[in-house]
Amino acid sequence: MTIQKILNTTKHRPWKMPTEKWKFYQEWNNAIFLHWQVELSELKKFVPKELEIDLFDGKPWISVVAFTMEKIRPKNIPSFPLISNFDEINIRTYVKSNNKTGVYFLSIEGGKSLSCKVAKGVSELPYRFSKIKRTKNQYESNNSEFNDKLNIQFTIGKGITEKIELEKWLTERYALFQDTQRSINEFEIHHLEWPINEIDLKNLKFNYSRFNKLIKNEPNKIQYSKGVKVIAWGKNKKEKTSYNTI
């Protein structure tokens with residue numbers, strides 16, 4: 001589907017499209033979603049006070065999304081595979097701000113060091129490099145600096161044609177919110193609805209010590225998607241009322 005057709009398909013969006021011109025194109029492909037219901041008191045330690053934690057039936061959620069980023073590029077500039085294509089893992093939660101629901105990243109890892117530097121420099125998102133290897137039925141990462149490890153072995157199941165409300169709540173997000181020392185940055189995005197498949201986990205090892213009190217058990221829900229084509233706008237900055245200058 002062309003970019004223009006994607007931009008013209010908007011019935012599934014919770015609010016109107018941005019009026020400004022879009023700035024970036026990217027593809028989030030072959031995504032594995034691992035979702036955990038977590039305790040609000042523990043999650044609050046990781047989310048800036050300027051953002052409201054979004055709840056589903058009174059409970060917050062954390063998701064680990066392991067996928068392959070492809071063809072990321074600015075508008076009107078071709079992608080450069082050595083930088084534009086890389087495996088990525090993000091650990092995210094769900095928040096509200098400015099009457100919009102979106103995601104907030106607790107961690108973002110990329111499988112190419114240069115790609116992480118470029119993405120972090122442009123977006124101010126918290127990218128860091130990890131060694132990532134994926135095959136058809138396995139996704140594995142290791143970060144020796146933080147001693148973070150993820151190993152997923154899986155098989156893809158049948159497609160889900162009728163999504164339940166929770167499945168849409170966890171995936172259909174059209175804004176990203178991230179904090180820097182001085183501001184909360186908001187990014188508008190657009191894509192078609194995620195196509196979702198069932199997934200069978202053969203093995204899962206998740207070891208991120210700083211999240212041990214957040215993520216304790218097996219995932220409450222798991223999903224797979226072949227991916228979406230994503231249109232993104234530039235960041236809008238909202239200055240924090242107070243910040244640490246040290």
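## Salt bridges

Search the whole structure and you'll find 16 salt bridges, each one a side-chain nitrogen of Lys or Arg within 4 Å of a carboxyl oxygen of Asp or Glu. Keep in mind that this is a predicted model, where local features need pLDDT of at least 70, side-chain atom pairs count only at pLDDT 80 or more, and totals for chains, interfaces and linings use all residues. Residues are numbered from 1 along each chain as its sequence is written, and side-chain values use heavy atoms, leaving out hydrogens and water.

Take Lys100 and Glu186, whose side chains meet in a salt bridge at 3.0 Å, N to O. This pair ties together distant parts of the chain: Lys100 sits in strand E5 and Glu186 in strand E11 (residues 183–190), 86 residues apart. Strands here are DSSP runs of at least two residues, numbered from the N terminus. Both Lys100 and Glu186 are buried (under 20% relative accessible area; exposed is over 50%, partly exposed in between, with a 1.4 Å probe and protein chains only). Arg13 and Glu188 join these two in a network of salt bridges.

## The nonpolar cores

What about the greasy parts? The largest nonpolar core has 33 residues; such a core is a set of buried Ala, Val, Leu, Ile, Met, Phe, Trp, Tyr and Cys residues joined through side-chain atoms within 4.5 Å. Ile32, Leu43 and Leu214 are among the residues with the most contacts inside it. Strands giving two or more residues to this core include E1 (24–37) and E3 (61–74). Another core, of 28 residues, lies apart from it, with Phe67 and Tyr127 among its members.

Notes: Helices (H or I, at least four residues) and strands (E, at least two) are DSSP runs, numbered from the N terminus.
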